[in-house]
Amino acid sequence: MRRLPGMAAALFATLLAALVAGLLTAPAAQAADWPLVRKGATGAQVTTIQHLLTARGHSTGADGDFGDGTEAKVKAFQSANGLSPVDGIVGGDTWSRLIVTVGKGANGPAVKAAQVQLNRYGYGLAVDGDFGDGTDAKVKSFQSSKGLDADGIIGPDTWQALVTGSSGSNGGGTSTVLTHSQAAAIFNGAGIGWTSSGNCSNRNSTSCTSFDGLRRASADGAVALRRASNCALTITGGSETGHAGGTYSHWNGYKLDFSPTSCLSNYITGTFPRTGTRGDGAALYTAPSGNIYARESSHWDVTFLN
């Protein structure tokens, strides 16, 4: 074999080392799926972190407000667990160390954290820290909806699915973007119906209702809406052509239209604050999760951002 000149050999060695390093570290990219939560954040993710910090021995008030006190506790936890940097930001590495595996019979703040997460999906559990039959049933239901083993045990994969909204499994997990048949199966399982003027699912026809390209988070959001509202839901618009464009559009899988039954309308207007009026005159209501409900003349236009 001919020897490479000195400079070329050095360059080759550098590239080879970089390639090998990339291959060896590629699986760690999964940690990036966890959300970054930092000072100034509020809501269920913060409450979850606070409960988990307490479960890990860093007692923190669970008020859903990521203020100075919570930041200090996160830094203390990071330092105690050899995490770097100690920046007070809860990212993939910190989430992975914070989570606690729990199952039926467990009790305490880690169970409260899990119950807070389950309630993000509309399960309506009391956040009492008691992992009894009710919590066990809801966990199994959630696991089934995510394609996970429905064993009722909240381990790393189930925690990641709860926090991120997608399966934490490297194999056989749920996809970020769904086909029509995948979404239809999810909606069928949740008792959600849909209709179209053309009785079809061709994404390129305005007379059809299609779910091709629908984000899994949007499908999960519809299921959560069904559970939380306890209303019969009928989808009248999906990812088909003919809707307004934009980043958070029907075509990009962020929106679904729902028939404006009195049950659904009363739930939305009675649960979420009115936050404005859209340019076309549609009244806007915004959930704590960030999801936006716009009351158009013939339907509810819902944007699922989380």
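Author: What follows is a walk along the sheet, with a few words on the chain around it.

This is a predicted model, in which local features need pLDDT of at least 70 and side-chain atom pairs count only at pLDDT 80 or more, while totals for chains, interfaces and linings use all residues. Residues are numbered from 1 along each chain as its sequence is written, and side-chain values use heavy atoms, with hydrogens and water left out.

The chain has 10 helices and nine strands, where helices (H or I, at least four residues) and strands (E, at least two) are DSSP runs numbered from the N terminus. Seven strands make up an open sheet of mixed pairing, in the order 2-4-5-9-8-7-6; two strands pair if DSSP finds at least two bridges between them. At the edges lie strand 2 (193–194) and strand 6 (274–277), each of which pairs on one side only.

Within the sheet, strand 8 (residues 292–295) and strand 9 (residues 300–303) run antiparallel and are joined by four bridges, and Ile-292 stands opposite Thr-303 in strand 9. Helix 10 (residues 262–271) packs on the sheet, where it touches strand 5 (255–258), strand 7 (283–286), strand 8 and strand 9, a contact meaning heavy atoms within 4.5 Å. The direction of helix 10 makes about 50° with that of strand 9; axes are lines fitted to C-alpha atoms, for helices over the stretch in contact, and angles run from 0 to 180 degrees between N-to-C directions.

As for the whole chain, residues 24 or more positions apart account for 52% of its contacts with a separation of 6 or more.
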